Amino acid sequence: MACNTGKNNKLIVTIRAKVEPKPELVELLRRYRDGLNVAIRWAVEVARAKGRVPTLSEIHKALYEPLRAMGLPSDIAATCYREALAVAKSYLANGAKGKTPVVKKLHMWLPKKAYRLRDGQLYITGGYKARVVGMEERYEEGKRKEAVLVYRGGDMYLYIAVEV
């Protein structure tokens with residue numbers, strides 16, 4: 001569990017929930033990673049050609065439909081190109097040294113509207129569902145924010161930011 005103070009001096013903690021890995025969720029994470037790499041590559045190429053980082057509306061117009069065609073639900077496709085834009089901005093701000101960034105690990109950003117936890121189940125936009133095997137119960141009264149779903153070593157975890 002990590003802690004930091006956010007806006008208005010509220011405490012934001014990260015809680016971890018172990019999720020039962022299902023093949024369809026792992027496949028969704030793979031599609032997200034592949035879409036993220038496509039979006040990063042596109043954003044860096046456009047930035048080099050135009051001399052500036054593309055705007056959010058430019059990246060939406062260029063990548064939303066291709067990401068949806070890759071099988072990503074709408075909220076997750078939007079999150080994917082937003083993460084790609086953040087990675088591209090960071091890469092270019094640091095001098096664009098070396099190769100274009102490539103994402104290898106399976107993870108997925110989940111905005112607050114793209115997931116929910118109810119009755120020991122994780123529901124993700126697009127009809128995905130998995131059982132939550134274990135979760136810290138300390139901050140149930142807090143306001144849940146965005147989350148990151150991570151798959152590594154055969155285990156799947158959901159890291160949730162909670163404002164308390």
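Axes, as used for the helices in these legends, are lines fitted to C-alpha atoms over the stretch in contact, and the angle between two axes runs from 0 to 180 degrees between N-to-C directions. The model shown in every view is a predicted one.

**View 1. Helix 1 against helix 2.** The axes of helix 1 and helix 2 come within 11 Å of each other and cross at roughly 150 degrees. Angles over 145 degrees count as roughly antiparallel, and helix 1 and helix 2 are therefore roughly antiparallel to each other. Where helix 1 passes helix 2, the crossing is right-handed. On the helix 1 side the contact is formed by Gly 35, Ala 39, Trp 42, Ala 43 and Lys 50, which meet Glu 58, Ile 59, Ala 62, Leu 63 and Leu 67 of helix 2. Sorted by class, the residues in this contact of helix 1 with helix 2 are 7 nonpolar, 1 polar and 2 charged.

**View 2. Helix 1 against helix 3.** Helix 1 and helix 3, the latter spanning residues 74-93, pack with their axes 8 Å apart and at an angle of about 45 degrees. That angle makes helix 1 oblique to helix 3. The crossing in which helix 1 passes helix 3 is right-handed. From helix 1, the residues Leu 28, Tyr 32, Gly 35, Leu 36, Ala 39, Ile 40, Ala 43, Val 44, Ala 47 and Arg 48 take part, and they meet Ile 76, Thr 79, Cys 80, Glu 83, Ala 84, Val 87, Ala 88, Tyr 91 and Leu 92 of helix 3. By class, this contact of helix 1 with helix 3 contains 15 nonpolar, 2 polar and 2 charged residues.

**View 3. Helix 2 against helix 3.** Helix 2, made of residues 56-69, and helix 3 have axes that come within 9 Å and cross at roughly 130 degrees. Helix 2 and helix 3 are therefore oblique to each other, and their crossing is right-handed. Helix 2 contributes Leu 56, Ile 59, His 60, Tyr 64, Leu 67 and Arg 68 to the contact, while helix 3 contributes Ser 74, Ala 77, Cys 80, Tyr 81, Arg 82 and Leu 85. The class count for the contact of helix 2 with helix 3 is 8 nonpolar, 2 polar and 2 charged residues.

**View 4. Ser 74 in helix 3.** Ser 74 lies in helix 3 and, with a relative accessibility of 29%, counts as partly exposed. Apart from residues within four places in sequence, Ser 74 is in contact with Tyr 64 and Arg 68, and both of these residues are listed for helix 2 in its contact with helix 3. Ser 74 and Thr 125 are 51 residues apart in sequence, whereas their C-alpha atoms are 8.1 Å apart in space.

View 5. The largest nonpolar core has 48 residues, of which Met 108, Leu 110, Leu 122, Ile 124, Leu 149, Leu 158 and Ile 160 touch the most other members. Helix 1, spanning residues 23-50, supplies the largest share of this core, with 10 residues. When neighbours within four places in sequence are left aside, Met 108 is in contact with Leu 28, Leu 29, Tyr 32, Ile 76, Ile 124, Ala 147, Val 148 and Leu 149.

**View 6. Asn 37 in helix 1.** Asn 37 is found in helix 1 and is buried, with a relative accessible area of 11%. Not counting residues up to four places away in sequence, Asn 37 touches Val 102 and Val 103.

**View 7. Glu 163 in strand 8.** Glu 163 belongs to strand 8, which covers residues 155-163. At 18% relative accessibility, Glu 163 counts as buried, since buried means under 20% relative accessible area. Beyond residues up to four places away in sequence, Glu 163 touches Lys 10, Leu 11, Ile 12, Gly 142, Lys 143 and Lys 145. The C-alpha atoms of Glu 163 and Val 148 are separated by 15 Å, with the two residues 15 apart along the chain.

**View 8. Asp 119 in a loop between two strands.** Asp 119 is found in the loop between strand 4 (115-118) and strand 5 (121-124). Most residues other than glycine have a negative phi. Asp 119, although it is not a glycine, has a positive phi of about 50 degrees. With a relative accessible area of 77%, Asp 119 is exposed.

Note on methods: Residues numbered from 1 in each chain as written. Predicted model: local features only at pLDDT ≥ 70, side-chain atom pairs only at ≥ 80, totals over all residues. Heavy atoms only, no water. Core = buried A, V, L, I, M, F, W, Y, C linked by side-chain atoms within 4.5 Å. Buried < 20%, exposed > 50% of the residue type's maximum accessible area, 1.4 Å probe, protein only. Helix = DSSP H or I, 4+ residues; strand = E, 2+ residues; numbered from the N terminus. Contact = heavy atoms within 4.5 Å. Parallel < 35°, antiparallel > 145°, perpendicular 65-115°, else oblique. Left-handed = near helix turned anticlockwise from the far one by under 90°. Nonpolar A, V, L, I, M, F, W, Y, C, P; charged D, E, K, R; others polar.
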